[in-house]
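Reader: I would like to learn how to read strands and aromatic rings in a protein model. Could you take me through it step by step?

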Amino acid sequence: MPTKYWNIRIGTTDAVPICPIGATTPVRRTNMIILNDNAVGIRALAFCDDSRYVASGAEDTITVYDTETGHPVNQFTGHELLICCIAFSPSGMEVASSSRGNDVIVWNVLTGQERIKLRGHSRFVNYITYSPDGTSIATASMDFVVRPWDAENGRMKWESSLHTAMVMQLVFSPNGARLASCSADCTAQIVDVNNGTGVAVLSGHVAVVYSVAFSRDGDRIDLEGRVGAELVFIWEHTGSVWATVFSPDGKRVLSVASDGMTKVCDSFSGERLLEIDAGDGLANAAAVLFSGDGARISASNGNSGIRVWDTATGRKFLVLAGHMDDLSHVQFSPDGQYIVSAANDSALRLWNLTDMGVE
């Protein structure tokens with residue numbers, strides 16, 4: 001039996017024209033849910049690991065939705081200022097969130113109750129991530145300090161003031177033993193999670209390091225085109241590199257830059273495997289990512305829609321059109337079945353790729 005998706009606010013089915021590559025006329029399919037058509041000021045999106053739930057942070061409120069039905073599961077309203085970031089625990093049963101206040105709140109997804117509050121930062125927290133086993137939460141703040149916390153009792157383990165400017169991203173190694181951070185001070189730092197001892201300082205960039213990613217085996221790390229201790233330099237872009245990410249198998253690196261190009265390179269040799277012109281002007285770094293199985297990538301440029309490509313051939317599967325203003329956030333679900341998108345048109349949309357015939 002086909003699944004129908006309904007507009008929660010008006011109770012009607014949303015059918016969006018999608019023109020598959022090679023087709024001459026659009027095919028109308030029921031493949032998208034408008035989770036909220038008044039989602040003003042979306043500032044954060046996150047899927048849980050098993051793709052059951054997707055959460056959005058708008059204004060001072062966090063809403064968790066069921067991806068299968070589109071129905072809201074719970075809403076958290078304990079923050080007094082604008083939401084900054086959100087993260088699911090690996091179990092999907094808790095959400096950690098921050099606002100323009102200095103605290104992080106950990107919520108129970110099903111009850112909606114605040115479980116613990118993480119206090120210690122002197123300015124607002126701009127990044128949150130859980131360790132793979134869910135026992136630790138790491139936060140970075142505009143005070144330039146990185147802090148890991150015990151996820152059960154909220155106790156701060158240690159603090160690191162190694163960076164001298166805003167921390168852009170945090171990521172745990174796959175085994176949870178190390179924590180990497182990158183910063184506007186042009187460096188990345190790797191520390192031991194247990195005691196905060198520095199493991200390595202990765203320097204050499206002359207501008208902001210926007211993103212950091214471990215390979216699946218945890219032995220390599222990617223910084224905007226510089227791959228770990230092997231020092232493989234990937235000179236592919238003619239503009240500033242805004243985001244990089246490893247494929248799930250760690251063999252490829254996806255990058256996007258202000259030259260409008262999206263590229264996939266071999267993470268060992270640096271050889272270019274795929275080059276995609278994402279459109280004129282700045283490619284939206286928030287909308288460039290691998291699907292969970294590494295078979296697809298998505299990219300967006302302004303309000304021209306979300307484009308989905310096959311990573312092996314570069315063939316474009318779909319253009320997901322419907323937003324009426326610039327996209328602000330896009331994410332694949334971990335299982336690769338869904339894409340969630342938010343834009344300045346105040347619409348929060350959930351796209352079902354399986355219903356569109358993308359296997």
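Reader: In what order do the strands of the open sheet that includes E15 follow one another, and is the pairing parallel or antiparallel?

Author: In general, the strands of a sheet pair through backbone hydrogen bonds, and they do so either parallel or antiparallel. In this model, which is predicted, 4 strands form an open sheet in the order E15-E16-E17-E18, and their pairing is antiparallel. At the edges stand strand E15 (167-172) and strand E18 (198-202), each with a single partner strand, so one side of each has no neighbour in the sheet. On average, neighbouring strands of this sheet are turned by 15° against each other, if direction is ignored.

Reader: How many bridges join E16 and E17, and in which sense do they pair?

Author: Strand E16 (residues 178-183) pairs with strand E17 (residues 188-192) in the antiparallel sense, over 5 bridges.

Reader: Now to the rings: how are Phe76 and Trp107 arranged as an aromatic pair?

Author: A pair of aromatic rings is described by two values, the distance of the centres and the angle of the planes. The count here comes to 1 aromatic pair, formed by Phe76 and Trp107, with 4.9 Å from centre to centre and 5° between the planes. Planes under 30 degrees apart count as stacked, so this pair of Phe76 and Trp107 is stacked. Because Phe76 lies in strand E7 (residues 72-76) and Trp107 in strand E10 (residues 104-108), the pair ties together parts that are 31 residues apart in sequence.

Reader: Are Phe76 and Trp107 buried or exposed?

Author: Phe76 has a relative accessible area of 0% and is buried, and Trp107, at 4% relative accessibility, also counts as buried.

Reader: Where does Arg100 lie relative to the ring of Phe124?

Author: Arg100 lies over the face of Phe124, at 4.2 Å from the ring centre.

Note on methods
Residues are numbered from 1 along each chain as its sequence is written. This is a predicted model: local features need pLDDT of at least 70, side-chain atom pairs count only at pLDDT 80 or more; totals for chains, interfaces and linings use all residues. Side-chain values use heavy atoms; hydrogens and water are left out. Rings of Phe, Tyr and Trp (its six-membered ring) pair if their centres lie within 6.5 Å; planes under 30 degrees apart count as stacked, over 60 as edge-to-face and the rest as tilted. Helices (H or I, at least four residues) and strands (E, at least two) are DSSP runs, numbered from the N terminus. Buried means under 20% relative accessible area, exposed over 50%, partly exposed in between (1.4 Å probe, protein chains only). A charge sits over a ring if NZ of Lys or CZ of Arg is within 6 Å of the ring centre and within 35 degrees of the ring normal. Two strands pair if DSSP finds at least two bridges between them. Axes are lines fitted to C-alpha atoms, for helices over the stretch in contact, and angles run from 0 to 180 degrees between N-to-C directions.
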